[in-house]
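Trainee: I would like to go through the labels used for this model and see what each one rests on.
Mentor: Then ask about them one at a time.

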Amino acid sequence: MKSRDSIVAGTLCGLPIILFFVSLFLGRFSVDPLTVPQVLAAAALESIPNFPLSIPHTWPDVVDTVILKVRFPRVIAALLIGTGLAVSGASFQGLFRNPLVSPHILGVASGAGFGAALGIILSGETWVIQTFAFSFGVLAVGLTYTLAKIYKTTPTLVLVLAGIVVGSFFSALISLLKYMADPYEKLPAIVFWLMGSLSSVKAGDLMFLLVPIVLGTTVLLLIRWRINVLAMGEDEARTLGVDTARMARAIILCATLITATAVCFSGVIGWVGLVVPHIARMIVGPDYRKLLPLSAAIGASYLLIIDDLARTLTAAEIPLGILTAIIGAPVFAWLLKTKKVGWS
């Protein structure tokens, strides 16, 4: 049984690489699968100054545009965001010792949604929307943490309740902005952004997306053995010499950085950080030393598959939040029904 689970885990860890190449030739504009690695290799060699070797362009220029400027940034964004949301969700589930926790539990999604809606109304420029979304997402978590510090009771429980309060508050503000927005231009833009999409991601956005998500994910992976201790309970963690308050702040900071960055580029995409950690837990168990890396691989693969479906199923692109909910909710209900959530 363990060897089979190891094979499954190893296969899933390699799946994002396969899906990366598949997604580059998949779409309404047909591209020969054998052309994709040639385009990538040619672009890589051309980016090296004075490099003596080059690959002859035997394909139309439009193929370069489609793969390098349209699909490549979108595929990388899907991999990064899927990874970040899954790792953040798994880390929060360990921190709060609750299988129903997601990366949005502290109000970051509602705060970012309000910031994006405000940016759409005030400007409509992409960089303004993204800046407002990130700033208000971080602000929402800051308010949650500050509100939780006021009450001297169970810290994790108060954090969750404070997150619900702050999330509800910003959700109400989003509804207010929708009510005030121009119904012909601004309101549709707000609604579409809140449903989630990667259609606006460009090559220039990748660095702003890459650095925060890689940084936050790397820190969480480095401290994943401490999450094992936190998942045992605060008293047990203190007995083993872990500073629970400091670790909780580190996890919240990294998860907030990851989630706020993801939301400001992709909109609100639910269920990834909730369902993926449970699937990983079914395969490798509750050990976070194995759970977090596998969650990262499954999350990257899952969101990339969802994005591929979103841009190929119909002529008009389907928002990602709709597909993740349609697929994620039944899967999670099945996991609960069959008691295969793997929580211990």
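**Labels and their grounds**

Mentor: This is a predicted model. In it, F21 has a relative accessible area of 35% and is partly exposed.

Trainee: Why is F21 called partly exposed?
Mentor: Because buried requires under 20% and exposed over 50%, the 35% of F21 falls in the class between, partly exposed.

Trainee: What makes F20 count as buried?
Mentor: Its relative accessibility is 14%, and the limit is under 20%, so F20 counts as buried.

Trainee: Why is the pair of F20 and F21 called edge-to-face?
Mentor: The ring centres of F20 and F21 are 5.1 Å apart, and pairing asks for centres within 6.5 Å. Their planes stand at 80°; over 60 counts as edge-to-face, so that is the label for this pair.

Trainee: What makes the pair of F169 and F170 edge-to-face?
Mentor: The centres of these two rings, F169 and F170, lie 5.6 Å apart with the planes at 70°. Because that angle is over 60, the pair is edge-to-face.

Trainee: Which aromatic cluster includes F169 and F170?
Mentor: The cluster is formed by F114, F132, F136, F169 and F170.

Trainee: Which residues touch the most other members of the largest nonpolar core?
Mentor: F92 and F96 do, in a core of 97 residues. Helix α3 (residues 61-96) supplies the largest share of this core, 15 residues.

How values were computed. Residues numbered from 1 in each chain as written. Predicted model: local features only at pLDDT ≥ 70, side-chain atom pairs only at ≥ 80, totals over all residues. Heavy atoms only, no water. Core = buried A, V, L, I, M, F, W, Y, C linked by side-chain atoms within 4.5 Å. Buried < 20%, exposed > 50% of the residue type's maximum accessible area, 1.4 Å probe, protein only. Helix = DSSP H or I, 4+ residues; strand = E, 2+ residues; numbered from the N terminus. Phe/Tyr/Trp six-rings, centres within 6.5 Å; stacked < 30°, edge-to-face > 60°.
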